[in-house]
Amino acid sequence: MPSDIVKFTLEALDDGLLLYEDQAPMLYMMSLLGMIEPDKKTKHVIIDEAQDYSEAMYKFLFDLYSDSNIAILGDPRQNINSYGSIGDLKKLKNILNNNLDFLTLSKSYRSTQEISEFASHIIKSDYEFFGRHGMEPTIISSNTLDELAKSVTDYLNNIQSDDFNRIAVICRSAKDCRQIYDKIKDDLDAELITESNEQIPSGIIIIPSYLTKGLEFDLVAVVISSIDDYTFDEDTLLYTVCTRALHRLDIFAIKGAKILDKLSGDNQIC
């Protein structure tokens, strides 16, 4: 409810906090009031992960760098914050009243063709999947969280001898990560990561979905431990998680998980 958002924001301000989603509107207002001078020296600006920025942030940046050339790079399919960001980059033409040139890169190189095709079940893709082949992703379902954790443990122990230097077990939230970590830590050498790290270690890590943006792993095991994981307008988040995998991707899900309706098919293992 809007009233709840207002209350939450006012409570944060009373505590001396300016929330992230409020920072861009504040900066833009300060710019309009002349409290922030435009940058006349910078000649070119590159905005990466552009789909994750808000409309207010773009208005501020284009005011700040009004004399600069600006290149905007992004993939709407990897928008992990659909509530507070622009998502579709073509909206920029209306927001900025500017002459923008759009160039679409249609070849996908990062993941194997099989992983890319699997991810296209989550969000339909017009990409041309280009390059190497690998194993088909599989979906392994379990009745309980204990069974799910055991499946992940057995799976990772079995592939230890394979040539995977960077392995990620990706759960929806930090809470989910801690649950899985507590159940597998005695049987598996894994590191739990719940906060942003400048360096991601090699070996096995357990990490929440929202921290994987921009990262790549040789192998990704996606853990869906709740029936509601990735079902509330989070297709882009799940797509981003799955496309972190370079060479191998497998899904471990609790039985009855709603997202399986979208993923099920030849990959399903009961």
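User: Which residue has its backbone oxygen 3.1 Å from a polar atom of the side chain of Arg244?

Analyst: Keep in mind that this is a predicted model. Arg244 sits in the loop between helix 8 (235–242) and strand 10 (245–254). Its side chain reaches the backbone oxygen of Thr240 at 2.6 Å. The backbone oxygen lying 3.1 Å from a polar atom of that side chain belongs to Leu215.

User: Which side chain of opposite charge is nearest to Arg244, and how far away is it?

Analyst: Arg244 is buried but has no salt bridge. A salt bridge needs the nitrogen and the carboxyl oxygen within 4 Å. Setting aside neighbours within four places in sequence, Arg244 has contacts that include Gln78, Arg110 and Glu216. The nearest side chain of opposite charge is Glu216, at 6.1 Å.

User: How many residues apart in sequence are the parts that Lys213 and Glu49 tie together?

Analyst: Lys213 and Glu49 form a salt bridge, with their closest N and O atoms 3.3 Å apart. Lys213 lies in the loop between strand 8 (203–208) and strand 9 (217–224), while Glu49 is in the loop between strand 1 (44–47) and helix 3 (55–64), so the parts they tie together are separated in sequence by 164 residues.

User: Which helix holds Lys183, the salt-bridge partner of Asp146?

Analyst: The side chains of Asp146 and Lys183 meet at 2.6 Å, N to O. This pair links distant parts of the chain, 37 residues apart, with Asp146 in helix 6 (residues 145–159) and Lys183 in helix 7 (residues 174–184). So that's helix 7.

User: Where do Asp154 and Lys150 both lie?

Analyst: Asp154 and Lys150 meet in a salt bridge too, at 2.7 Å from N to O. Asp154 is partly exposed at 33%, and Lys150 counts as exposed at 52%. They are 4 residues apart, about one turn of the helix, and both lie in helix 6.

User: How many salt bridges does a search of the whole structure find?

Analyst: The protein chain carries 26 positive and 45 negative side chains. The Lys213 and Glu49 pair is one of the bridges, and so is the Asp146 and Lys183 pair. Searching the whole structure gives a count of 10.

Key: Residues numbered from 1 in each chain as written. Predicted model: local features only at pLDDT ≥ 70, side-chain atom pairs only at ≥ 80, totals over all residues. Heavy atoms only, no water. Helix = DSSP H or I, 4+ residues; strand = E, 2+ residues; numbered from the N terminus. Buried < 20%, exposed > 50% of the residue type's maximum accessible area, 1.4 Å probe, protein only. Lys, Arg positive; Asp, Glu negative; His and termini not counted. Polar contact = N/O pair within 3.5 Å; in protein donor to acceptor, adjacent residues only side chain to side chain. Contact = heavy atoms within 4.5 Å. Charge placed at Lys NZ, Arg CZ, Asp CG, Glu CD.
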